[in-house]
Amino acid sequence: MQYNVAQLLKEPTGAIRRVGVDGDLSVFGGLKAGCRGNVEFVRTHQGLLVRGMVDANVTTTCSRCLNDFASLSPLEVEEEYFPLVDVNTGRRLDLPWDYEGTIIDTTHILDLTELLRQCTLAAQPIKPLCQQDCQGLCQECGVDLNKENCVCSGSAIDPRWSSLAALLDQSET
């Protein structure tokens, strides 16, 4: 998701280019996302403002049943990119004091990959679920309770509580 913005950098402040975003990226720890959408590059007095809406189709793992599933995350992106060199003279430019790490490289290529990766990662839930009522896995045998019923007794008692369970049994008799 790289774009040559040399021509846009030669234009006056306020010039706009609309581009389509379509690509795949690796977000973090095996998390994959396909990004599709439209952004616009707006010429600012120091660089380019990138803004737009992108849909990230993310494949992640359910925190209850551990199955992979796909979810759609709409991302609103807005970030200013600063050039390292002047497009007309080739002179190295000083980065602004509020620079946050988004640059247009020396060949005037603007790379959206890192911006989209960070936005996708920030949009992910802390505890992703494949479905709202996911049953998860049986704690005893590990069966996926969404697909089949467990044959465990379901009354396994933590050994630390066994002496209290014995008192409960005595009181019932």
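## Strand pairing

Two strands are taken to pair if DSSP finds at least two bridges between them; strands (E, at least two residues) and helices (H or I, at least four) are DSSP runs, numbered from the N terminus. This is a predicted model, in which local features need pLDDT of at least 70 and side-chain atom pairs count only at pLDDT 80 or more, while totals for chains, interfaces and linings use all residues. Residues are numbered from 1 along each chain as its sequence is written, and side-chain values use heavy atoms, with hydrogens and water left out.

Strand β3 (residues 31-43) runs antiparallel to β2 (residues 16-28), to which 12 bridges join it. I16 has V42 of β3 as its bridge partner. The two strands form a hairpin with two residues between them, and G29 in the turn has a positive phi of about 50 degrees. Strand β3 is also joined by 12 bridges to β4 (residues 48-61), again in an antiparallel arrangement. Here R36 is bridged to D55 of β4, and four residues lie between β3 and β4 in their hairpin.

## Largest pocket

A pocket is an open set of points on a 1 Å grid over the protein atoms alone, where a 1.4 Å probe fits, with protein on both sides within 12 Å along at least five of seven lines; lining residues have an atom within 4 Å of a point. The largest pocket has 13 lining residues, and R43, H45, Q46, P83 and L93 lie nearest its centre.

## Buried loop residues

H108 is located in the loop between β6 (103-104) and β7 (109-111). With a relative accessible area of 13%, H108 is buried, a term that means under 20% relative accessible area with a 1.4 Å probe and protein chains only. Beyond its neighbours within four places in sequence, H108 is in contact (heavy atoms within 4.5 Å) with residues including Y3, N4, V85 and D86.

Q124 occupies the loop between α2 (113-123) and α3 (162-172) and is likewise buried, at 16% relative accessibility. Its contacts, leaving aside neighbours within four places in sequence, are L31, V58, S71 and S73.

## Cysteines

The structure contains zero disulfides, a disulfide being a pair of cysteine sulfur atoms within 2.5 Å. C134 is in no disulfide, and the nearest cysteine sulfur, that of C62, is 3.8 Å away. C134 is buried, at 4% relative accessibility. For C119, the closest cysteine sulfur is in C35, at 9.2 Å, which is too far for a bond.

Definitions and conventions:
Buried means under 20% relative accessible area, exposed over 50%, partly exposed in between (1.4 Å probe, protein chains only).
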